[in-house]
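Please look over the model shown here and work through the questions that follow.

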Amino acid sequence: MNIVTELFVVTFKIIWSFLLAGASWFIPPREKCVEGQVCVITGAGSGLGRLFALEFAQRRATLVLWDINRQNNEETAEMVREIYRETGSLDSVQELSLFQPKVYTYVCDVSKRESVYSTAEKVRNEVGNIDLLINNAGVVSGRHLLECPDELIERTMMVNCHAHFWTAKAFLPKMLELNHGHIVTVASSLGLFTTAGVEDYCASKFGAIGFHESLSHELKAADKDGIKMTLVCPFLVDTGMFKGCKIRKEMAPLFPPLKPEYCVKQAMRAILTDQPMICTPRVMYMVTFMKTVLPFDAIVSMYRFIGADKCMYPFLAQRKESTNNNESKTGI
């Protein structure tokens, strides 16, 4: 095929992609079935990870829950078992399901690659091959750059970014062999654009998004179309992670913190329809686009108008006060 013909073909594919994307607004794509599939969720002990576990449990997937906190992880597992019991009793009333889902829990510090690799090996031996990998675990230091200990910066990068490398290296080889699987990266809108005071968090999320996008291209280049990738980029979620974060009060109603349940519902719809990327709310797409076309000074002006330039400062102040109080109690 000569370059002119190929150019026409590429142009047609681009236009066709736009048409399909537009059609999905009016004709929602069908959700795939994950019943019986094995789903690994990191950071499953609380927050979005717990909600993802409950959503997949409703769909009768086998859950493999990873968290550094054993107690929280077991609490999530018990919630999952309760859902299994409820859906199981419903099956007995309607029609008997041949598959009985299970939930497995593992204590894993995803910031340490040895912990990730050893836990992944246990999963392969005790559960089998996995179908879905939800890279959800995340932390935030809550310190200004010059006040943040190096150890906290390193931990933020390890948990929020490097861990994605370790989990992918642990589970991707089998997915490639079978040409089957789904990898989900739970990132953040702060991985698409930034604000002051959370340099380590933004850097870690930018890194996670860069890793996700590069891996997506690598899978396409290898013609592994059976392995799906979904990038989840929510705005600030009301889980308490950024408690105290505030923008200009007049603008606050336009950019409220997302309810965790809403965020996960939107992400689940994207995952189950093999959507490559989901930004919540949709206005985040526009903000990201504006960042790419506006001069930097224009972005600064817009940030100052909205109150986004120092929106993290109240959160950082609360974190600092909390840290000081804890240190005082420890001293006493």
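Helices (H or I, at least four residues) and strands (E, at least two) are DSSP runs, numbered from the N terminus. This is a predicted model in which local features need pLDDT of at least 70 and side-chain atom pairs count only at pLDDT 80 or more, while totals for chains, interfaces and linings use all residues. Residues are numbered from 1 along each chain as its sequence is written, and side-chain values use heavy atoms, with hydrogens and water left out.

Q: In which helix does Ser204 lie?
A: Helices are taken here as DSSP runs. The run that holds Ser204 covers residues 199-221, and this is helix α6.

Q: Why does Ser204 count as buried?
A: Buried means under 20% relative accessible area, exposed over 50% and partly exposed in between, with a 1.4 Å probe and protein chains only. Ser204 counts as buried because its relative accessibility is 0%.

Q: Which residues is Ser204 in contact with, leaving aside its neighbours within four places in sequence?
A: Contact means heavy atoms within 4.5 Å. With those sequence neighbours set aside, the residues in contact with Ser204 are Thr156, Met157, Asn160 and Cys161.

Q: How many bridges join β1 to β4?
A: Two strands pair if DSSP finds at least two bridges between them. Strand β4 spans residues 132-135 and runs parallel to β1, with Leu132 of β4 opposite Cys39. The number of bridges joining β1 to β4 is three.

Q: Which residue in β2 stands opposite Thr42?
A: β1 pairs with strand β2 (residues 62-67) in the parallel sense over five bridges. Within β2, the residue opposite Thr42 is Trp66.
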